[in-house]
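Please look over the model below before reading the notes.

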Amino acid sequence: MKKILFATDFSSTCSDALSYLLKLVEGEKVSIDLIHVYQIPVSSLSVSTASVINVMIEEKKKSVTNMINELSETIPENIRGENHCVYGVWVSSDINKIAENIGASFIVMALRQK
């Protein structure tokens, strides 16, 4: 079974890419993991204390986790993999690191922003 890592920024571009991917792998033995690398605004970092920044990161993680879980529901259960919500600065490096850790055969992305 091949493992696919699908990177999303929750844009309509990603929604279209996921729809295309699901049609592409129809009938194949695959597992699709989702990943979103989230950040908090840099301007918030310069004026906040460490404890406030940690709260901001946790609040963002909760929000992103809810969004990625909802997106995961659009993937058929028999090919639905894990969801990965990662706080990071270097999006491409963070995606690549998760891909290596889970043994992804390939990465699919159609990110609108980064």
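The notes that follow are grouped by topic.

This is a predicted model, in which local features need pLDDT of at least 70, side-chain atom pairs count only at pLDDT 80 or more, and totals for chains, interfaces and linings use all residues. Residues are numbered from 1 along each chain as its sequence is written, and side-chain values use heavy atoms, with hydrogens and water left out.

**Sheet**

- Four strands form an open sheet in the order β3-β2-β1-β4, with parallel pairing.
- Strands here are DSSP runs of E with at least two residues, helices are runs of H or I with at least four, and both are numbered from the N terminus; two strands pair if DSSP finds at least two bridges between them.
- The edges are taken by β3 (80–87) and β4 (106–109); each has a single partner strand, so one side of each lacks a neighbour in the sheet.
- On average, neighbouring strands of this sheet are turned by 25° against each other, direction ignored.
- Strand β1 (residues 2–7) runs parallel to β4 and is joined to β4 by four bridges.
- L5 has I107 as its bridge partner in β4.

**Helices on the sheet**

- Helix α1 (residues 12–24) lies across β1, β2 (30–38) and β4, at about 165° to β1.
- Helix α4 (residues 91–102) packs on the sheet and touches β1, β2, β3 and β4, with its direction at about 150° to that of β2.
- Axes are lines fitted to C-alpha atoms, for helices over the stretch in contact, and angles run from 0 to 180 degrees between N-to-C directions; contact means heavy atoms within 4.5 Å.

**Faces of α4**

- V91, D94, I95, I98 and A99 are the buried residues of α4.
- Seen down the axis of α4, these buried residues fall within an arc of 140°, so they line one face of the helix; the arc is that of the directions from the helix axis to the C-beta atoms.
- Exposed residues S92, K97, E100 and N101 sit on the face turned away from the buried side of α4.
- Buried means under 20% relative accessible area, exposed over 50%, and partly exposed in between (1.4 Å probe, protein chains only).

- F10 is found in the loop between β1 and α1 and has a positive phi of about 70° although it is not a glycine.
- F10 is partly exposed, with a relative accessible area of 25%.
- K60 is found in helix α3 (residues 50–72) and is partly exposed, at 35%.
- K60 touches Y38, Q39 and I40, not counting residues up to four places away in sequence.
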